[in-house]
Amino acid sequence: MIGHGNAAGYIDMDKIIDSHPLHVELDQLQAQITLLNGQAQNAPVPQTDAQRQAQAQMEEQLAAADQLFQQEMTQRRMYYGQREAAAIAALQAHTTGQATPIGQQLGAQAQKIQQDALKAYGDYQKQLFTADGQHLQAVARQLQQETGLKLAARRAQLERQETDYQIQLARQSQTQRLNLKTQLEDLNISQDQRQQAESQLANIETREEALINSLKARDNADLKSYQESLQRDAATRYNAARVSMMNDTNDKLKARQKQMNDQLRTQLAGLGTQYQQQVANANAQLEKDPKTRAELDKIHAENQAQYSAEFTKALAAYQQTRKQLVAKYSAIGHMQFIDDAALADEAQQLSAQRRDLYSKIIDQVQAQVGEVARERGVAIVFSSIRGAGHAVDLTDQVIKAIAALPSPSPESSQSSDTNSVPSSTPSLEPSGSRS
Amino acid sequence: MHIRFISAIAVAIVAALALAPQALAVDINDIGFVDQSAIGALPAFASAQVQFSQFRDQTARDFQAAIKGKSQADQQRIYGDFNQKLAAKQHELFDPLLSRAQTAIALVAAQKSMSVVVDKQIVIYGGQDITKDVLSTIGQSGVIVPPVNTPPPSEVGYVDQTQIDQLPKAKAAAQAFAQARQQLGQQMQTQMAGKSQSDQATIVAQFNAKLKDEQKKDIQPLNDEIEKAVSDVARKHKLLLVIDQADRVYGGTDVTADVLSSLK
């Protein structure tokens, strides 16, 4: 839109957004996103071997559930894509009077290529998970061994110190003890003197025992604290190894997936070109016919609706499975595990919601800036500047103009419900079904 | 009655002139904008991006293999070498494309007698969109001949924010804020451990409020000072306004040196 006028203007976008009626919602969404990120960062770290094992098993099963879900969805997508392609091809054959539906053979070839690629990918994923499980077990064993050795060394050191102390105490009381024992060996001492000497001897022993026990208690506490610190350290190292391994595995899987997609694209492109050529002529003819056009749209809409319904259902089941797995292993490990993927999904949905809301606010601001600029004869308005010279500041006028608008209802400001299916539900576009 | 009417018009004209003395003298047709993301989406750029991504992925794998079993110092050195390789590839792939795009923008801007072209993102209303012309010029076969003339003096200024960020006081403010944010973040993480969801939400809200206060304390005074310095320079040079250099695509008046000297 070219503005008319002989002045230039600018606005302070932050100030306008801060004063926008929907700003509170924007802030609330941001707070929820920060909270989810905080929860993910603040996930409790397993401390014991049993907890680490539970976490590893849970992650393995979550990854398996994810793989299953992805595979199911790919298969469903392929199924509906092929079904739609077949229905369209049949319609094309019927309308154009051809005996064999267009691309039937090519479709079967494409299906085979996709299935083979998926299987190879699944095998590779399984192989990586097995290797990861073994690696984690090895790391846990090594850490356990290191912890055990360090603890044994500290225990031996403390025991040596206790023995030294015991000897030191015995040396200190040696003379007194000898005197008392000599007295007791003398048969001529009175009963009272005997009792007194015995009592003194007993006192020395009790005192030494108490001192030794006190040292032992201190040492035990020290040992316990050392053990805990070793366990914490081991947990942190285990966790770091796990995270690094998971990242590596994810990178490898992504690379393999990319490689698979590239290969598929190349292989399918060859088939697609032949297929496209066949359908192009038929489509040109079909598109001219409103009845056939309506039929084609109907086929596509039906397939899309069925696929979306199945996707929604499968997604809900998948999310439920994840919840159950987290609950199950939390109970086994006696600690609350966090499902990072679920938190990330939720944060992503909230971010999308926030983005939508922000865009909506910006659209509204843009419309009002246009109104104000036209009224003031301003030809161009900047939304971000470092400093103003003689340009006109339109910020306050735009704020007033927005405030004068009818207040937005909460329903209208929400683009989608947080718990609803993600807006990124994949659409169903069968390859080469229509030009 | 007639005289009174004329004097009313005169008063109105005087008032209008008083309100916007510079605006009436401005030729607003010389400010254009271009959608740089549309240029980035051209097949040539997309293809270069794919090539670069592939090279980066391969380099990342080579890097992982190269650092295996190496000392920290060696790893650091290898990291530097690989980064240089990446930068060189980036230049090799993108420099010719960027140069062609820049020449196309300059040519279109010169043909339309524009004094400045900015990025589309900072224009919310009006201005001349030259994106289509630029895309079509880039798409033409053969060499794009650059315009003979340099852009005319512009009433839109620009300042290099990265140079301002290097001033000691700017660095100190950024560091103070970064430290405060880190501390607050750590505090928040500690406080959130083992708390219920609603308690955690309260902690997050408190964190955000404290962060805002810190920003007001550490960053805002400097931002105000910079804005004032830029505005003073803009008025001194009789400019409409000053934008960030990152948003300028072609032409404009560079006021960085003046702003820096005013801030020192």
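Which residues in helix 4 of chain B meet which residues in helix 5 of chain B? The legends below, all for a predicted model, begin with that pair of helices.

**View 1. Helix 4 and helix 5 of chain B where they meet.** From helix 4 of chain B come B:Arg100, B:Ala101, B:Ala104, B:Ile105, B:Leu107 and B:Val108, and from helix 5 of chain B come B:Asp133, B:Val134, B:Thr137 and B:Ile138. Sorted by class, this contact holds 7 nonpolar, 1 polar and 2 charged residues. Helix 4 spans residues 72–111 and helix 5 spans residues 131–139; their axes come within 9 Å and cross at roughly 125°. An angle from 65 to 115 degrees would count as roughly perpendicular and one over 145 as roughly antiparallel, so helix 4 and helix 5 of chain B are oblique to each other. Their crossing is right-handed.

**View 2. B:Ser113 in the loop between helix 4 and strand 2 of chain B.** Strand 2 of chain B covers 116–119. B:Ser113 is not a glycine, yet its phi is positive, about 55°. Most residues other than glycine have a negative phi. B:Ser113 counts as partly exposed because 13 C-beta neighbours lie inside 10 Å. For context, chain B has 10 helices and 8 strands. Of its 264 residues, 24% count as buried. Among the contacts in chain B between residues at least 6 apart in sequence, 84% join residues at least 24 apart.

**View 3. A:His334 in the loop between helix 7 and helix 8 of chain A.** Helix 7 of chain A covers 290–333. A:His334 has a phi near 55°, a positive value in a residue other than glycine. With 10 C-beta neighbours inside 10 Å, A:His334 counts as exposed.

**View 4. The side of chain A that touches chain B.** The contact takes 35 residues from chain A and 38 residues from chain B. On the side of chain A, the elements that give two or more residues are strand 1 (7–10), helix 2 (23–41), helix 8 (340–376), strand 2 (378–382) and strand 3 (387–388). Helix 2 of chain A supplies the largest share, 6 residues. By class, the side of chain A that touches chain B has 19 nonpolar, 15 polar and 1 charged residues.

**View 5. A:Arg194 in helix 6 of chain A.** Helix 6 of chain A runs over residues 191–287. Leaving out residues up to four places away in sequence, A:Arg194 touches A:Leu184 and A:Ile189. A:Gln183 is 11 residues from A:Arg194 in sequence, and their C-alpha atoms are 7.6 Å apart. A:Arg194 counts as partly exposed, with 14 C-beta neighbours inside 10 Å.

**View 6. A:Tyr124 in helix 4 of chain A.** This helix of chain A runs over residues 104–172. A:Tyr124 and A:Leu253 are 129 residues apart in sequence, while their C-alpha atoms are 8.3 Å apart in space. A:Tyr124 has 16 C-beta neighbours inside 10 Å and therefore counts as partly exposed.

**View 7. Residues 410–435 of chain A, where pLDDT stays under 50.** The model has 47 contacts beyond four places in sequence for this stretch. Where pLDDT is low, the predicted coordinates should not be read in detail. Chain A averages a pLDDT of 82, and 85% of the residues score at least 70.

How values were computed:
Residues numbered from 1 in each chain as written. Chains lettered and ligands numbered in written order. Predicted model: local features only at pLDDT ≥ 70, side-chain atom pairs only at ≥ 80, totals over all residues. Helix = DSSP H or I, 4+ residues; strand = E, 2+ residues; numbered from the N terminus. Buried ≥ 20, exposed ≤ 12 C-beta atoms within 10 Å, placed from the backbone. Contact = placed C-beta atoms within 7 Å. Axes fitted to C-alpha atoms, helices over the stretch in contact; angles between N-to-C directions. Parallel < 35°, antiparallel > 145°, perpendicular 65-115°, else oblique. Left-handed = near helix turned anticlockwise from the far one by under 90°. Nonpolar A, V, L, I, M, F, W, Y, C, P; charged D, E, K, R; others polar. pLDDT = per-residue confidence, 0-100.
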